[in-house]
There are 2 protein chains.
Amino acid sequence: MISDNVPLLKHCHGIEADQGIHPATSHIFQVCIDRIMKVSNFRTPMLKGIVIGVVITLAFLHLSNVNSNDAVQSKDTMIVVVTPTYRRSVRLPDLTRLKNTLLNIANLHWIIVEDGPSAVPAVSRMLQMSGLNYTYLQYKTKFGYPRRGWYQRDMAIEYLENNKHTITGGQHAVLYFADDDNSYDTRLFDEYIRNVKKIGIWGVGLVGTMPVEAPAVENGVVVGWHTDWRPNRSFAVDMAGFAVSLDLVLTTKARFGTSCEKAGGSPEPCFLERLGISTDHLEPFGAEGVKKELLVWHTHTSPLKYDKRKVDLYGYIVE
Amino acid sequence: MISDNVPLLKHCHGIEADQGIHPATSHIFQVCIDRIMKVSNFRTPMLKGIVIGVVITLAFLHLSNVNSNDAVQSKDTMIVVVTPTYRRSVRLPDLTRLKNTLLNIANLHWIIVEDGPSAVPAVSRMLQMSGLNYTYLQYKTKFGYPRRGWYQRDMAIEYLENNKHTITGGQHAVLYFADDDNSYDTRLFDEYIRNVKKIGIWGVGLVGTMPVEAPAVENGVVVGWHTDWRPNRSFAVDMAGFAVSLDLVLTTKARFGTSCEKAGGSPEPCFLERLGISTDHLEPFGAEGVKKELLVWHTHTSPLKYDKRKVDLYGYIVE
């Protein structure tokens with residue numbers, strides 16, 4: 001941010017307009033310039049003019065920056081992405097692609113949870129070099145949990161419970177569970193997730209044997225589920241198809257736990273039920289209209305099997 | 001770019017420094033301010049000061065921007081990425097992930113070549129919304145060519161031959177063949193491809209049954225090939241493992257053509273031989289040292305088979 005780097009603008013701190021450039025601009029410039037004039041004695045009108053010129057330009061650019069985002073809400077909503085991960089031959093490319101996607105998203109914190117006892121150096125290095133805001137946790141799946149990221153997601157929620165303010169800085173935050181092998185359009189984050197108030201929901205491509213799984217929506221209200229697989233579930237939605245207000249998760253203490261396994265191994269309805277919401281409260285995105293787009297797909301990268309002890313890696317970092 | 005939007009700075013056009021901010025800054029400010037003073041009659045010294053302040057700030061921010069790139073070379077080298085593609089259930093997610101990756105790379109032009117007779121609306125839409133510089137061509141594979149992108153890559157080269165200046169604006173350009181299902185770290189583009197003078201070469205992960213295929217390098221010179229598959233090839237390298245100066249391709253008229261098929265179906269050595277270079281001329285990247293990293297992997301997304309006529313797509317765009 002321009003204003004952070006320029007000592008002159010510190011005099012204007014606290015008068016940055018949330019309300020946008022058009023109505024408030026001239027007032028802000030005036031107050032800002034008045035403050036600078038008070039703290040400085042200028043020897044010549046020309047020098048005074050130079051300072052005013054600098055301030056006007058910086059203030060203008062700063063405010064243009066504030067306004068370049070579509071909505072005020074976008075600036076004030078943080079996206080927290082939780083990704084359970086595990087060691088496999090295609091994990092580094094999968095995580096790298098997700099990293100590349102998240103690099104395009106502002107105001108985001110990425111929590112990666114290793115299903116293992118310790119940090120994997122290749123993953124640490126990739127994250128360090130990414131330039132992203134991230135937290136890399138390690139929790140080997142505990143007895144009783146299925147090995148499908150449930151325990152890792154629960155540990156991420158626990159971490160958020162203990163570090164909420166450090167991560168969000170008090171902003172409204174939306175939690176999204178993003179597996180490392182799926183494919184995400186950047187618009188999913190900025191147009192859907194960023195605008196979630198309590199629980200957002202949308203279609204997902206390539207779920208199981210289906211090209212599409214999506215909420216059935218009429219006039220903005222979810223009235224059922226477009227799916228072939230157990231459409232009678234309370235929330236027939238894939239992990240990639242919803243995002244939840246972090247505050248809601250933390251206040252309801254919702255977790256995946258171990259008991260969802262008994263209900264047929266579908267953790268999503270289990271988790272959503274524990275948030276104490278009904279389908280009326282769901283906020284659907286991109287689910288009405290003529291040409292509906294999928295912005296997330298449940299993809300899987302074909303694994304490559306090899307025995308690291310028998311194959312020459314030529315000194316390259318490989319998992 | 002800030003300077004494009006500010007009328008005042010038009011007076012300074014042509015005196016923007018390529019050489020960086022430190023030696024030239026004060027001179028530039030002076031020339032710039034002198035020009036503005038010449039074209040304007042200021043009624044008061046204060047007004048004059050304000051204008052000078054505005055100019056100084058804009059010039060400073062503009063030059064900071066110019067210098068924020070790592071190397072001067074980076075600014076002056078364009079990357080042209082050629083991606084052959086074809087319709088399949090996982091094509092939209094694959095192309096979307098590649099789009100997300102390329103969004104992080106400056107000064108890039110993406111040429112996507114459909115193996116089909118006409119533009120696919122879902123692809124066109126994705127590209128239009130991407131914000132990237134791109135060209136979307138369509139060439140159905142001609143008789144005699146294998147259906148593996150050879151014809152599409154040749155058509156992209158032909159397009160570049162006819163539109164070189166429009167695409168590159170006279171800059172040094174490096175051509176890279178990037179299939180849509182592979183995984184690329186953003187550093188591949190900015191640290192390897194961007195620095196290629198004639199032919200760059202590097203390791204690729206997950207090629208065929210091997211975790212790594214890479215050039216064997218000693219003191220910066222390629223002395224052989226780390227591969228299990230036909231290591232006696234003249235250039236035992238995967239399509240994802242090299243990038244070539246566009247000028248070299250256009251001057252040598254190198255093409256994939258149909259005859260490489262006869263040589264065992266390995267188009268890479270065939271194409272590289274036609275560039276008239278020996279291994280001495282190869283510029284290796286990241287191929288020496290203790291911990292070598294892979295920045296590109298030959299991944300494949302598991303396909304999902306379904307019959308669009310029998311499956312409900314619920315109005316979503318699906319291939």
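I am working with a predicted model, in which local features need pLDDT of at least 70, side-chain atom pairs count only at pLDDT 80 or more, and totals for chains, interfaces and linings use all residues. Residues are numbered from 1 along each chain as its sequence is written, chains are lettered from A and ligands numbered from 1 in the order in which they are written, and side-chain values use heavy atoms, with hydrogens and water left out.

Chain A. I find 9 helices and 12 strands, taken as DSSP runs (helices H or I of at least four residues, strands E of at least two) numbered from the N terminus. Of the 319 residues in chain A, 57% are buried, meaning under 20% relative accessible area with a 1.4 Å probe, protein chains only.

Helices in chain A. I looked up α4 (residues 91–102) and α5 (residues 121–128) of chain A, whose axes come within 11 Å and cross at roughly 20°, the axes being lines fitted to C-alpha atoms over the stretch in contact and angles running from 0 to 180 degrees between N-to-C directions. That makes α4(A) roughly parallel to α5(A), a label for angles under 35 degrees. A:Arg91, A:Leu92, A:Leu95, A:Thr96 and A:Lys99 of α4(A) meet A:Ala122, A:Val123 and A:Met126 of α5(A), where contact means heavy atoms within 4.5 Å.

Helices in chain B. The contact is made by residues including B:Leu95 of α4(B) and B:Ser130 of α5(B).

Conventions
Buried < 20%, exposed > 50% of the residue type's maximum accessible area, 1.4 Å probe, protein only. Parallel < 35°, antiparallel > 145°, perpendicular 65-115°, else oblique.
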